[in-house]
Amino acid sequence: MELRFEGDELKSVLNRLRRAQGQISGVIRMIEEGRDCEDVVTQLAAASRALDRAGFAIIATGLQQCLADAQDEETTDAMKARLEKLFLSLA
């Protein structure tokens with residue numbers, strides 16, 4: 001299943017992934033500096049949420065595309081099952 005992102009979808013997913021990347025870099029820096037545990041965990045939770053949101057957006061786009069591309073009910077059901085499994089892997 002190949003994902004095709006366009007315009008705002010692509011920008012949104014990339015922004016979320018870049019935000020997570022920056023937050024993870026921040027967590028690494030905080031640990032290296034010996035920062036307060038609560039601050040580190042708070043930053044780590046923010047990175048986790050950003051990754052989750054990017055993942056959900058990717059799966060939602062994939063679901064829309066797969067259902068639009070499906071040619072028969074069997075194919076649709078198989079795609080739904082695969083996407084549901086992916087979705088649950090983020091939960």
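**Exercise 1. Which residues form a nonpolar patch on the surface, and with about how much accessible area together?**

Before we start, some ground rules. This is a predicted model, where local features need pLDDT of at least 70, side-chain atom pairs count only at pLDDT 80 or more, and totals for chains, interfaces and linings use all residues. Residues are numbered from 1 along each chain as its sequence is written, and side-chain values use heavy atoms, with hydrogens and water left out.

*Step 1.* Nonpolar side chains (Val, Leu, Ile, Met, Phe, Trp, Tyr) are joined within 5 Å, like charges within 9 Å. Areas are Shrake-Rupley values with a 1.4 Å probe, and for residues only the protein chains shown count as cover.

*Step 2.* The patch is made of Leu10, Leu14, Leu17, Ile24, Ile28 and Leu51, with about 450 Å² of accessible area together.

*Step 3.* Helix H1 is the top contributor, with five residues. Helices are DSSP runs of H or I, at least four residues, and strands are runs of E, at least two, numbered from the N terminus.

**Exercise 2. Work out what span helix H1 should have, and compare it with the model.**

*Step 1.* H1 covers residues 7-32, which is 26 residues.

*Step 2.* The expected span is 1.5 Å times one less than the number of residues, so H1 should span 38 Å.

*Step 3.* The end C-alpha atoms of H1 are 38 Å apart, which agrees. Just after H1, Gly34 takes a positive phi of about 70 degrees.

**Exercise 3. Is Gln23 buried or exposed, and what is Gln23 in contact with?**

*Step 1.* Locate Gln23: helix H1.

*Step 2.* Gln23 has 14% relative accessibility, so Gln23 counts as buried.

*Step 3.* Skip the neighbours within four places in sequence, and Gln23 is in contact (heavy atoms within 4.5 Å) with Gln43, Ala46, Ala47 and Ala50.

**Exercise 4. How many helices and strands does the protein have?**

*Step 1.* There are three helices and zero strands, in the pattern α-α-α.

*Step 2.* Of the contacts with a separation of 6 or more, 69% join residues 24 or more positions apart.

Technical notes
Buried < 20%, exposed > 50% of the residue type's maximum accessible area, 1.4 Å probe, protein only. Patch = residues over 30% accessible without salt bridge, like charges linked within 9 Å, V, L, I, M, F, W, Y side chains within 5 Å. Salt bridge = Lys/Arg side-chain N within 4 Å of Asp/Glu carboxyl O.
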